[in-house]
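Colleague: Could you walk me through this one when you have a minute? I'd like to talk about charged pairs and then helix packing.

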Amino acid sequence: MNDPAQTKRSSSVAPLIFLLAGETSGDHLGAGLMQALHHARPQIRFSGVGGPLMQATGLQSLYPISDLAVMGIMPVIARLPLLLRRLDETIAAIIAQRPDCLVIIDSPDFTHRVAKKVRKHFPDLPIIDYVSPSVWAWRPGRARKMRAYIDHVLAVLPFEPDAHRRLSGPDCTYVGHPLIEKLNVMTPSLAEQARRSSAPPLVLVLPGSRRSEIDRLMADFGAAIDQLAQMHGPIEVRLPAVAHLADKIKKAAELWRIKPEIVLGEEAKWAAFRSARIALAASGTVTLELAMANVPMVVAYKYSQLEGLLRPFVKVSSIVLPNLVLGRNAIPEFLQDECTPHSLANALAELLTEGAKRRAQTQALIDVRSLMALPDQQNPSMQAAALVLQALTQD
């Protein structure tokens, strides 16, 4: 009798792909991947765990994605019983459904645990990891260990395939960052381009999307903007805020001498990006968004005491994503004690007017966009879908 774990689905049955996303960013990637797969193979079927975007694309989620979307040590501990139950339920569902392919999307603390367990039950099941863990920055030994349960990594940063080769990780292909699909909303019109060089200059402030970032950065950012205005003269300040922190940000901004215009929503955010002269931003994905929108920036970050203890183990020369893409530190960053209003204001002033610093960073941002581009203006979701379909056809 055949081992049921090794039994292959009949070729007459439409392929079933199990998708596992653990947070909002994964939901965006998963929905794009599903749409691209449907376009290429309309008969393909999906199951798994996803958020509202994946569900709108046809996925019946095993449970709410919000059950997995938790960050930080203490919140994880508080939700540990639920997370362990969801882990068992996910593994059981995959074993019961026997999909033709498993695609895990980011959230490695959860999704990789699922992949390891599933590999023991289905040694021949193709397992695709969409978004590489940061093995190039933290715990590089993970790359080699991933080879035991990951067949292919779909990378969203262009330097990651080289990193996996260097660290003896799984096969890895750069499929493009999802921001590539938003280039049209980042490109300014002629009027918006003119606004970038008109007076008073528009300065963006982006203090982060976590409560801890707001607590640590808002006061310094406000003081830096005040000093910048004293150095330069009148400026217009706009702060695109994430909805769940809007009230907290508004309360903190009330203490600023130069009051920012706080805007909500993606449309208002991209409109601000298209007209901005410069930006002051917390380290994170937003720095890559600014780079792709060609907005010169100064980056700052303050981390917790625990993060500070772990800092010596981080193996990168910069925490700014565009600097990592470039392979050089073209964008100034100010961390911890270096993150002072005076330092931030001086660095911003150097970018606010035409000069060597602004010209050098503007060229660096053009280089970032070039390095992030795919050949022939290809679509990242379609690139990812092609590799998933390739895994389906391999014996």
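**Salt bridges and a helix pair**

Modeller: Let me begin with D162, which is partly exposed, with a relative accessible area of 47%; please keep in mind throughout that this is a predicted model.

Colleague: OK, and which side chain does D162 meet in a salt bridge?

Modeller: The partner is R165, and the N to O distance between the two side chains is 2.3 Å. R165 is itself exposed, at a relative accessible area of 57%.

Colleague: How are R165 and D162 placed in helix 7?

Modeller: They sit three residues apart in helix 7, which spans residues 160-166, so about one helical turn separates R165 from D162.

Colleague: How many salt bridges turn up in the whole structure?

Modeller: The search over the whole structure gives 17 salt bridges. One of them joins the side chains of E354 and R358, with 3.6 Å from N to O.

Colleague: Which residues are linked in a network of salt bridges?

Modeller: The network links R195, E236, R238 and E261. Within that group, the side chains of R238 and E236 form a salt bridge with an N to O distance of 2.7 Å. R238 counts as buried at 17% relative accessibility, because the cut-off for buried is under 20%, while E236, at 25%, counts as partly exposed.

Colleague: Switching topic: at what angle do helix 10 and helix 11 pack?

Modeller: Helix 10, covering residues 211-232, and helix 11, covering residues 246-253, pack at an angle of about 10°, and their axes lie 11 Å apart. That angle makes helix 10 roughly parallel to helix 11, since angles under 35 degrees count as roughly parallel.

Colleague: Which residues meet there?

Modeller: From helix 10 the contact involves R211, I214, D215 and M218, and these meet K248, I249, A252 and A253 of helix 11.

Notes:
Residues numbered from 1 in each chain as written. Predicted model: local features only at pLDDT ≥ 70, side-chain atom pairs only at ≥ 80, totals over all residues. Heavy atoms only, no water. Axes fitted to C-alpha atoms, helices over the stretch in contact; angles between N-to-C directions. Helix = DSSP H or I, 4+ residues; strand = E, 2+ residues; numbered from the N terminus. Parallel < 35°, antiparallel > 145°, perpendicular 65-115°, else oblique. Contact = heavy atoms within 4.5 Å. Salt bridge = Lys/Arg side-chain N within 4 Å of Asp/Glu carboxyl O. Buried < 20%, exposed > 50% of the residue type's maximum accessible area, 1.4 Å probe, protein only.
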